[in-house]
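Please read the points below alongside the coordinates, and check each of them by eye where you can.

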Amino acid sequence: MSEACNHDCSSCKSNCDHRAPQHEPPHARSRIQKVIGVVSGKGGVGKSMTSAMLAVSMRRLGFKAGVLDADITGPSIPRLFGVKGPATGDGESLNPVSSRTGVEIMSINLLLDDPEAPVVWRGPVIAGAVKQFWQEVVWDVDFLFVDMPPGTGDVPLTVFQTLPVDGIVIVSSPQELVGMIVGKAVQMAQMMHVPILGLVENMSYAVCPDCGKHINVFGDSHVDEIADKYKLPVLAKMPIDPELAKEADAGMIEMFAGDYLDNAAQTVARLLKK
């Protein structure tokens, strides 16, 4: 550790012992086989949608799956699954809320009286809530997906240091600007020694309903260039799909029949074989 260390790893490029993860155990009654972080360098790229669809895909493969909604100030996971609180507990632990198909979910919106009430908390308090979701919720899952807020601030740092993350999926969109932002997420994961499973590009294209032509709404994709630069696989290129948007808005994400993330799900599933 540098003598000038201020203990804020988010603004530091040094690779020192202080950065080594100090993972904390989950609740004593939890059974969690693998923890997968879903991250993005910026907001609005479909990270929560990807987290939800990955959990749904794992259920379809026969695994138990859950989503820890670590995006405390922008929680959207309950809405995607159509679940409501309040989550129940016994005073010493909390139970996740189960979706229609058995996906276990914990989110701040399952604990608020008003799901539209803003969470106006400072960074350390938000990070503390995420730790509580890990330590005080009783999970029974093969795969726990952590839907993280965008960026490389307090919460991603807390997750990487506190949770034994087995791998992350980085979500991006086609704009060239996103390439720089993805680079930040990649380098943070490398600094924290967290394996990167691959990239998912959302809103990659739209399909013309009349002729079937692929339309690059946001310009040409740059995900392959980014993947080559960092030697990472591209797990999926998800289109803009009105049917997916419709099911998500209705809280029926599990009813969407698309298989856009099948390859990503298979990549995650292989972690259990290692």
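**Notes on the core, the first helix and the strand pairing**

1. In this predicted model, the largest nonpolar core has 83 residues, of which Met58, Phe81, Phe145, Phe160, Ile168, Ile170 and Ile253 touch the most other members. Helix H1 supplies the largest share of this core, with 7 residues. As general background, nonpolar side chains in soluble globular proteins tend to be buried together.

2. Helix H1 covers residues 47-60, and its 14 residues reach 20 Å from the first C-alpha to the last, close to the 20 Å expected at 1.5 Å a residue. The helix is mostly covered, with 12 of the 14 residues buried; among them are Lys47, Ser48, Thr50, Ser51 and Ser57, as well as Met49, Met53 and Met58. Just after H1, Gly62 adopts a positive phi of about 95 degrees.

3. Strand E1 (residues 31-39) runs parallel to strand E5 (residues 140-147), to which 7 bridges join it, and within this pairing Gly37 stands opposite Val146 of E5. E1 also pairs in the parallel sense with strand E6 (residues 167-172), here over 4 bridges, and Val38 has Val169 in E6 as its bridge partner.

4. Ile168 deserves a separate look, being listed among the core residues that touch the most other members. Once neighbours within four places in sequence are left aside, Ile168 is in contact with Gly37 and Val39, with Phe160 and Ala189, and with Val194, Pro195, Ile196, Leu197 and Gly198. Of these partners, Phe160 is likewise listed among the core residues with the most contacts to other members, while Gly37 is the residue that stands opposite Val146 in E5.

Methods:
Residues numbered from 1 in each chain as written. Predicted model: local features only at pLDDT ≥ 70, side-chain atom pairs only at ≥ 80, totals over all residues. Heavy atoms only, no water. Helix = DSSP H or I, 4+ residues; strand = E, 2+ residues; numbered from the N terminus. Expected span 1.5 Å × (residues − 1). Buried < 20%, exposed > 50% of the residue type's maximum accessible area, 1.4 Å probe, protein only. Pairing = 2+ DSSP bridges. Core = buried A, V, L, I, M, F, W, Y, C linked by side-chain atoms within 4.5 Å. Contact = heavy atoms within 4.5 Å.
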